[in-house]
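Subject: Structure handover

Hello,

Here is the structure I said I would pass on. Please open it first, then read the notes below with it on screen.

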Amino acid sequence: MNLDLPEANQLLDDLIAGEKKFNTDTEHIICPPAIYLSAFSEKLKNHSWLALGAQNCHFEKNGAHTGEISTSQLKSIGVKYCLVGHSERRDNFNEGYDLLLKKVKALLAEDITPIFCCGEQFQVRESNVFKEFIIKQIEDSLFGLDAKDISKVIIAYEPIWAIGTGKTATAEEAQEIHQLIRQRTATQYNESVAKNMRILYGGSCKPSNAKELFGQKDINGGLIGGASLKAEDFIALSNSF
Ligand code: PGA
């Protein structure tokens, strides 16, 4: 819920103007607040290097759901990706495992790539069951999919204590969880599904720490909040791979 329309337009204009400075070997996605999706979609028509993503969706196809946005509506304006289960949605809107699986399925039905977020609160990290907690989020929402469908999902590991706090997980802490997610995926499905799964890290990721995080074997990218609001940081993050 950052930036008003002129500010959001300025950010997008700066990103588009900076196209040549982006790393051509990485995929780039921008997920603005829903109110800007249509305007961004128009502006991005000739800039397919920067894909459009939404921050949330409803799971029903259509109908009386005031204030909600369906996956087919997102698709109709060119949205290619959508976040699911960001910790702020889980916490503030009680989004649980079953609901998130329904959202993932609704997105896949429209060929929109879900970016499924998981991660633990600080109190959970301090306990000795935080790994089980993270894996359960994935098992209960994603392992209801078959191998073909889960291969289309991107996972974002976001320790909640690191989101917007300036505290980042160390590269080793992040790698440990990414590796765990990949291993668990291999036992549930197979090696090939696990190997190809894209797992992003999120939580105070910024140009000064991205290189080390992105350098880890099982970290395939970043889900960036605060640092994505500045075009120069967005570009620097792209070049941290
Ligand atoms: P942050 O946010 O990069 O500002 O910590 C991450 C997120 O909200 O997913």
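Start at the ligand: a polar side-chain atom of E158 sits 2.6 Å from one of the ligand's oxygen atoms. Keep in mind throughout that this is a predicted model.

H86 also has a polar side-chain atom by the ligand, 3.0 Å from an oxygen atom. How much of the ligand's accessible area does the protein cover? On its own the ligand has 280 Å² of accessible area, and the protein covers 86% of that.

The residues around the ligand are H86, E158, A162, I163, G164, G203, S204, L223, I224, G225 and G226. Sorted by class, this shell holds four nonpolar residues, six polar ones and one charged one.

S204, one of the residues around the ligand, deserves a separate look. Is S204 buried or exposed? S204 is buried, because its relative accessible area is 15%, and the cut-off for buried is under 20%. The side chain of S204 comes to 2.6 Å from the backbone oxygen of A162, and A162 is itself listed among the residues surrounding the ligand. The backbone of S204 has a phi near 55°, which is a positive value in a residue other than glycine. Most residues other than glycine have a negative phi.

N94 has a phi near 55° as well, again positive and again in a residue other than glycine. N94 belongs to the loop between helix 4 (87-93) and helix 5 (97-109). N94 counts as exposed because its relative accessible area is 68%, and exposed means over 50%.

Next, the strands. Strand 4 (residues 113-118) pairs with strand 5 in the parallel sense, over four bridges. Within that pairing, I115 has I154 of strand 5 as its bridge partner. Strand 5 (residues 154-157) is in turn joined to strand 6 by four bridges, and these two strands also run parallel. Here Y157 is partnered with Y201 of strand 6.

What covers the picture for strand 5 is that both of its faces are covered: I154 and A156 on one side, and I155 and Y157 on the other, are all buried. Strand 6 (residues 198-202) is mostly covered, with four of its five residues buried.

Strand 6 also pairs with strand 7 (residues 221-223), in the parallel sense and over three bridges. Y201 stands opposite G222 of strand 7. Which elements make up the β-α-β unit? They are strand 6, helix 11 (residues 207-214) and strand 7, and the unit is right-handed.

G18 is in the loop between helix 1 (5-17) and strand 1 (28-30). G18 counts as buried because its relative accessibility is 4%. G18 and I235 are 217 residues apart along the chain, yet their C-alpha atoms are separated by 7.7 Å.

Q188 is part of helix 9 (residues 171-188). At 35% relative accessibility, Q188 counts as partly exposed. Q188 and Q216 are 28 residues apart in sequence and 23 Å apart in space, C-alpha to C-alpha.

Regards

Key
Residues are numbered from 1 along each chain as its sequence is written. This is a predicted model: local features need pLDDT of at least 70, side-chain atom pairs count only at pLDDT 80 or more; totals for chains, interfaces and linings use all residues. Side-chain values use heavy atoms; hydrogens and water are left out. Buried means under 20% relative accessible area, exposed over 50%, partly exposed in between (1.4 Å probe, protein chains only). Two strands pair if DSSP finds at least two bridges between them. A crossover is right-handed if, with the strands pointing away from the viewer, the path from the first strand over the helix to the second runs clockwise. A residue is near a molecule or strand if one of its heavy atoms lies within 4 Å of it. A polar contact is a pair of N or O atoms within 3.5 Å; within protein, one must be able to donate a hydrogen and the other to accept it, and residues adjacent in sequence count only if both atoms are side-chain atoms. Accessible areas come from the Shrake-Rupley method with a 1.4 Å probe; for residues, only the protein chains shown count as cover. Ala, Val, Leu, Ile, Met, Phe, Trp, Tyr, Cys and Pro count as nonpolar, Asp, Glu, Lys and Arg as charged, and the others, Gly among them, as polar.
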